[in-house]
Structures are given as structure tokens and as C-alpha cells.
Amino acid sequence: MTTVLLCLALFTVAAAAVAMAMRNLIHSALLLVASWAGIAAFYLWAGAEFVAFAQLLVYVGAISMVVLFAVLLTRHSRLDFDREPETRGRVRLALFTGGAVCGVLVAAVLGTAPSSVPAAVPSLTVRQLGLALMGPHAASLLAVGVVLTVALLGGVVLAASARHSDPEDAP
Amino acid sequence: MSLPGQLSVLFPLASGLGASSPLAAVLPASDSALERLPLTLRGLLTGWLPASWQWLANSLIAIVVLIVAFASLFALLTLAERKILGRVQNRPGPNRAPLPFLNLRTYGLAQPVADGVKMLTKEDIVPDGADRVLHFLAPIALLAFSILTLAVIPYGRLLVALDLDASVLFFFAAGAATELAVFMAGWASRNKYSLLAAMRALAQLISYELPLLLSVVPVVLMAGSLSTSVIVERQGEWWLGFLPRWYVFTPWGLAGFLVFFVASLAESNRSPFDLPEAESELIAGHLTEYSGFKYALFFMAEYFGMCALCGMAVTLFLGGWQAPLPFLSFIPSYLWFAGKLLALLGVFMWIRASFPRLRIDQLTRLAWKFLVPLALINLGTTAFWSLTADWAGLLQPLRWLIAAGLIAGPFLLLGRNLSKGLGPRTYRYAA
């Protein structure tokens, strides 16, 4: 049981790690999709069918399209970078952002008390899940919706602002 | 621990697959022997196995039967499509291929066999500059996801391969990944035409996934469930004792069905929305650099996807396996499902023969300015329909009138707005 979890975790993390190391942005994007699919498989393993299918539908189906669109419509050849990637300011910014996300996650993990008693498996129907999402958890659902909308708009803005005027394009 | 036990621990879903398989359900006594024929046949095949192995064997049989049935349907559909297109264009269509070893020309019935042999013996060409891994993976991923979608459709009263609580969601989750495979094929080919096709496929998916899903929401709202078998059960009642209560026979159901139908034409890359392939502009788009059996796999996936979307339309709106009239229910449910599915596939082919291909701007305009608003309005109408479920007597016609007006008004307004300024075309040089 834990071996399956380990395999899934290894697959997800490895896909994400290789995605960062790839020079080809399309390969990175597709590997990122594989990593999201790994997370969906984890939900399936945990018995949360509904969440797993929702993850597949939203991330593999829709977000991947936005990412690929943004990659294809912006210039992604290595010669097109205006700035040097290895400036000190960018390194500092990257460390700060990564550290903040890491801190939040570690704090959340440490803040959760480990339970020695194995939790009873809840038998939730989709109807109960829907009622819970629409009732007490409506705010978080809205927040997720806003995040996804911002991602979509970001893709559009990236694609729209990348149109430099190339002297060779002039008639 | 026995193997099935282990598997069900590893994947809780796997145990659901066995437990919900039709044989485990208590069979109603009213079912005729014909209705139970598939289960009887399966019982003969797997009845001698120990109970713990039976669900595994049953699942395997379900998978094999699904793939074999739809692969042979695919073979027949290619022939039927070519024949129908030929007839529409006033030519005979394929009529030459003789039956093997018999030299008997049966109106081209052996054409799928000839096509299969041709595809298998062709050279498999991979372009020099292509991304070999993705080029190889694309047709496989496409076919795999298309087959997944076939699993949750109820083919008969007792025939559901995978009866999940959230099977509608499963269907669309698996279907959403197919356009990703089209993109992989187009990008990995390193061909300008293929890349254009990939971009078009992405635009088309983003545009048409929305109306497709929005047109399904009213059905889920009225049925109160995401399970396909429950949705079909809910459509099994009769109005006045003999009129079927399929969802398509309500104002919101009709509008939802039409939106779903148009969006599924676009989702399965069928004409008039076959912009990603577009033989005349993009020399077959993402298929340009594929040959031999990989090319055949793409076509197989297209037809599988088409069958799955038609099956879903039948399930959601056309009453699934329900008979259209009460006294006709002695005919087994799976035959009704097959009949409805074939009729809908026939309409797909008819549309392909009749309509010219859209331009990319027309395609996106139709989705965003017409189908999405209409689907949203349809959702509101369904909410009204569901709130007024207890209206009786004279209020009942009023309910129908209001619901029909709520749909027809915006439909007319949006349609007028969409075609404004495009009005009757004048030809300056042609007669």
C-alpha cells in the first residue's frame, strides 16, 4: 500500500523536477502535465474519486492548454531573453519566493498533529461533497475559481504583450 | 492475501469495479431471458472460477468485449461513412474489394479488411527533425483516453462496465486529455502545417469544452446525480402513460441537447469543425507526418471519441437504453441503445456530407458568442423548471410556455446578433 504511494510520489516529484531541468519549454510543459496527472493518481489512491477526476479535468484538460498556449504564443528561443538569467537580483527574488512557499508548506505540515489512531474511512457520496462545497466551503471554492481565472488571464496577457515589432515584419 | 484483495487495497477504485459489475447486482425478476443474455453468456465463461477471481475475469471480459465491439463498429463505420458520402455526392463509393478467398464483391463490404491490411503493411515514416518520443506517444495517448471514455456509458439495463458515483465527471476528465494528444502529434511532427493544426486544436478545445460541460450541468441538476445509470433510470417514466419522459422532450433538455450536439461535433474534430485536420488547407494537419498504422490509430481514436460522445448524448438526453413506448420494452434494452447510437452516428455523417468547413474566427465566435451564453441561460431555465416542479393543472402549460420563452427569446436575439452585418452575400463577378 505504501509502495504504491511511494511510486506515485516519486513519479510526481521526478516529473516536476525533470520539467524544471528541461531546456525545451514544450517538454517541460508536458512533463508538468504528467506531474499533475500523478497528483490525480494520488487522489485516486486515497479513494477520493471525485477530486481525482476534477483534478484531471481542470489541470490536465484546461490549465495545460493555457500553459501550452502561453508557451507557443510567446518567444521561447534562448536567444530571445532580454535579460541575463543569472543576475543576482533574480536569484534573490527566486530564493525569496521559493522560501516563502516552502515555509508555508512546512508550517502546515508541522502544525498538523499526527494522529496515532488510523482514521475511519469516510463514505462520502458526490451529493454530500457537493453540499459541503456549496455550503461551509463555498469561500474556498470561490478562491480556487479566482486563482484559475487569474491563471487564464495571465496566459492571455503573456500572449498578448509578447508581440514585439520585428523590423523584418514590416512590408 | 489473495490477489483481488491485494488489488482492492492498492486501488480502492478497483474493488468498486468488481462490486458494481452487473452480475453482483440483484437481478429483477421481470427481465426477460434476452435481456439477461449477455450476463448468461458471461456466467457460462467465468462461472467455474472461484469467487475471488471472478470479478477480475469479469472485468477483463468487459474490457475485451468493449474494445472488440467498438473496433468492429469502427470498421463498419468507416465503410458506412464512405458509402453515405459517396451516395450524397452521387457516386457509388467503395464497391470493389472482394471477400478474401471467395472473389465475391459484396457492395464493398470487405473494404475495411482491405484498409486494415493496407495500413499494417505500409512503411512507418518518422520525419528526421521530429521529436521521436512524442511522435510515438501521441497516437497511443489519444487512443487510450478515447477507450477510457467508453467505460462509463450504460449500454443496457444490466450493462455498465464501470458504474462510478461520478461517472459523468470521469467521462469528461478522460475526454479532455485527447486534445493534448492532438497537440503532441502536431508539435512533435516539426511541420508548419502540423503545428498550425496543434494551435487550432488548442483553441477549439478551450472554446468548446465550456458549452459541452455547461450543457450537461442541467441534466445533472434535474437528475440529482453524476452517475450515468441513475440519469438513465430517471428518464424511465411516462407522461399520460405512454409518452417517454426523456430529457430531450423538455424545453431545457432540447436546448441542452442541441448545444451538446454541436459542441460534441467540435470536440470530436468532425466536419464542419474539422479545422485541426482540414485536408484542403493544412494537408491533414496533425496527421501530415503520420503513416501506416499510426495513421490508422488516429482514425480509430476519432471514431471511438465520436461513438463515446454520441453514447453520452443518448445517455444524457435521449433516455439511454429506455424504450420509446411502454409496449416496446420487450425488446432488450441494449438493442434500443444500439439503435439510438447508430441513428445519432448517422446524423454525424449526414452533417459531414452537408456542411462546409468553418473558418477559425467563425468557429470561436460561434462558441463564445452563441453557445456559451445559450448554455448559461439554459442553466437558469433549468433552475426555474426545477423550482416549479409542483405546478399542476392550468399552471403546467404556463410552466412550459415560460420555459420555452426563456430559451427561444435569447436564442433568436443571439442568432440575429451573430449574423448581423454578414447578411445576404452579394456576388459582384459571379452570376
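This is a predicted model: local features need pLDDT of at least 70, side-chain atom pairs count only at pLDDT 80 or more; totals for chains, interfaces and linings use all residues.
Let me begin with chain A, where helix H1, residues 2–21, and helix H2, residues 25–45, have axes that come within 8 Å and cross at roughly 160 degrees. Angles over 145 degrees count as roughly antiparallel, and H1(A) and H2(A) are therefore roughly antiparallel to each other. As for handedness, H1(A) and H2(A) make a left-handed crossing. On the H1(A) side the residues that make the contact include A:Leu8, A:Phe11, A:Ala15 and A:Ala19, and on the H2(A) side they include A:Leu31, A:Ser35, A:Gly38, A:Phe42 and A:Trp45. Sorted by class, this contact of H1(A) with H2(A) consists of 15 nonpolar residues and four polar ones, with no charged residues.

I turn now to chain B, and to its helix H3, residues 37–46, which packs on helix H4, residues 51–88, at an angle of about 125 degrees, the two axes being 10 Å apart. That angle makes H3(B) oblique to H4(B), and the crossing in which H3(B) passes H4(B) is right-handed. Here H3(B) contributes B:Arg42, B:Leu45 and B:Thr46 to the contact, while H4(B) contributes B:Gln54, B:Ala57, B:Asn58 and B:Ile61. By class, the residues of the contact of H3(B) with H4(B) are three nonpolar, three polar and one charged.

Which residues of H14(B) are buried? They are B:Ser333, B:Trp336, B:Phe337, B:Lys340, B:Leu341, B:Phe348 and B:Met349, and what these buried residues pack against is H4 together with helix H13, residues 292–316, of chain B.

Finally, I come to the place where the chains meet, at which 24 residues of chain B are in contact with 24 residues of chain A. On the chain B side, the elements that give two or more residues are helices H1 (3–10), H2 (12–19), H7 (167–176), H8 (178–188) and H9 (192–223).

Note on methods:
Residues are numbered from 1 along each chain as its sequence is written. Chains are lettered from A and ligands numbered from 1 in the order in which they are written. Two residues are in contact if their C-beta atoms, placed from the backbone, lie within 7 Å. Helices (H or I, at least four residues) and strands (E, at least two) are DSSP runs, numbered from the N terminus. Axes are lines fitted to C-alpha atoms, for helices over the stretch in contact, and angles run from 0 to 180 degrees between N-to-C directions. Angles under 35 degrees count as roughly parallel, over 145 as roughly antiparallel, 65 to 115 as roughly perpendicular and the rest as oblique. A crossing is left-handed if the near helix is turned anticlockwise from the far one by less than a right angle, and right-handed if clockwise. Ala, Val, Leu, Ile, Met, Phe, Trp, Tyr, Cys and Pro count as nonpolar, Asp, Glu, Lys and Arg as charged, and the others, Gly among them, as polar. A residue is buried if 20 or more other C-beta atoms lie within 10 Å of its own, exposed if 12 or fewer, and partly exposed in between; C-beta atoms are placed from the backbone.
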